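Hello,

Here is the structure I said I would pass on. Please open it first, then read my notes below.

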Amino acid sequence: MKLNISCLATGCKKLIEVDNEHKLRTFYEKHVATEFAYDALGEEGKGYVVRISGGNGKQSFPIKQVVLTNGCVHLLLSKGHSCYRPRRTGERKCKSVWGSIVDANLSVLNLVIVKKGEKDIPGLTDTTVPHCLSPKRASRIQKLFSLSKEDDVRQYVVRKKPGTKASEIQRLVTPHVLQHKCWCIALKKNKEEAAEYAELLAKRMKEAKETLQGQIARRQVVFSESFYSKSESRQK
């Protein structure tokens, strides 16, 4: 079995092939995302704690974490599932995946170093691979280069090659962003004022309508009284 060990702190990876069955027994019957001591592989792994992040079976099928078995299974996968990328909208497909329990039928097991031990592992923890690109978020660029809020973070973007186009900085505060924010606040305020005006206008219209209806009712009463008085006077 091959062990693909990666160290997030240094950015290095190392592929180790282990043929000793006695050393590999420490990995058996463990699930994906399980953390355990790395002492079984020798003195260089003393004090290290690793986590199982994945792997591949002998038929090169990937490990799926939610499958609680140690063999190959066939699952109907759709968009949003791991180990599958749909090519069309609404597409589903039956794919072969490997269970998340480690056994001797795996060809590659991926491990991630969680805690560093006493000694350095050659080619893994003794060297550091520099980042080829800088962070894209403005606050993280400020944190990386110890910048203040007044400094221009656009001058500190790491490019792949000199003269090439730099990546777009996320959450960068510019005059255009501030103007858009003020416009949104003003639009929200205008909407609130328009709602208040519409409510006041509806109230005034209701009051005017009630006043008009009262005037019409009074006119009808006056007209009916005058009509009956005239009719009575004629009869006499």
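Helices and strands here are DSSP runs, numbered from the N terminus; a helix has at least four residues and a strand at least two. With that in hand, note that the model is a predicted one.

Start with Phe27. Phe27 sits in the loop between α1 (21-24) and β3 (35-37). Is Phe27 buried or exposed? Its relative accessible area is 1%, so Phe27 is buried, the cut-off for buried being under 20%. Leaving out neighbours within four places in sequence, Phe27 is in contact with Leu3, Phe36, Leu41, Val102, Leu109 and Leu111. One distance to check on screen: the C-alpha atoms of Phe27 and Ile52 are separated by 9.1 Å. Those two residues are 25 residues apart along the chain.

Next, Asp103. Look for Asp103 in the loop between β6 (93-98) and β7 (106-115). Asp103 is buried, yet has no salt bridge. Which side chain of opposite charge is nearest to Asp103? That is Lys58, at 8.3 Å. A salt bridge needs a side-chain nitrogen of Lys or Arg within 4 Å of a carboxyl oxygen of Asp or Glu. Asp103 does touch Met1, Tyr28, Asn70 and Trp98, not counting residues up to four places away in sequence.

Now the salt bridges. How many does a search of the whole structure find? The search finds 2. One joins Asp120 to Lys116, with the closest N and O atoms 2.9 Å apart. Asp120 has a relative accessible area of 41%, so Asp120 counts as partly exposed. Lys116 is partly exposed too, at 47% relative accessibility. In the other, the side chains of Arg154 and Asp152 meet, at 3.0 Å from N to O. Asp152 is partly exposed, with 29% relative accessibility.

Last, the largest pocket. Its volume is about 150 Å³. Which residues line the largest pocket? They are Ala138, Gln142, Lys149, Glu150, Asp151, Val153, Arg171, Leu172 and Val173. By class, the lining has 4 nonpolar, 1 polar and 4 charged residues.

One is Phe27, buried at 1% relative accessible area. The other is Asp103, buried without a salt bridge.

Best wishes

Definitions and conventions: Residues are numbered from 1 along each chain as its sequence is written. This is a predicted model: local features need pLDDT of at least 70, side-chain atom pairs count only at pLDDT 80 or more; totals for chains, interfaces and linings use all residues. Side-chain values use heavy atoms; hydrogens and water are left out. On a 1 Å grid over the protein atoms alone, a cavity is a set of points where a 1.4 Å probe fits but cannot get out, and a pocket is an open set with protein on both sides within 12 Å along at least five of seven lines; lining residues have an atom within 4 Å of a point. Grid points are joined across faces, edges and corners, and a volume is the space filled by probe spheres set on the points. Ala, Val, Leu, Ile, Met, Phe, Trp, Tyr, Cys and Pro count as nonpolar, Asp, Glu, Lys and Arg as charged, and the others, Gly among them, as polar. Buried means under 20% relative accessible area, exposed over 50%, partly exposed in between (1.4 Å probe, protein chains only). Lys and Arg count as positive and Asp and Glu as negative; His and the chain ends are not counted. Contact means heavy atoms within 4.5 Å.
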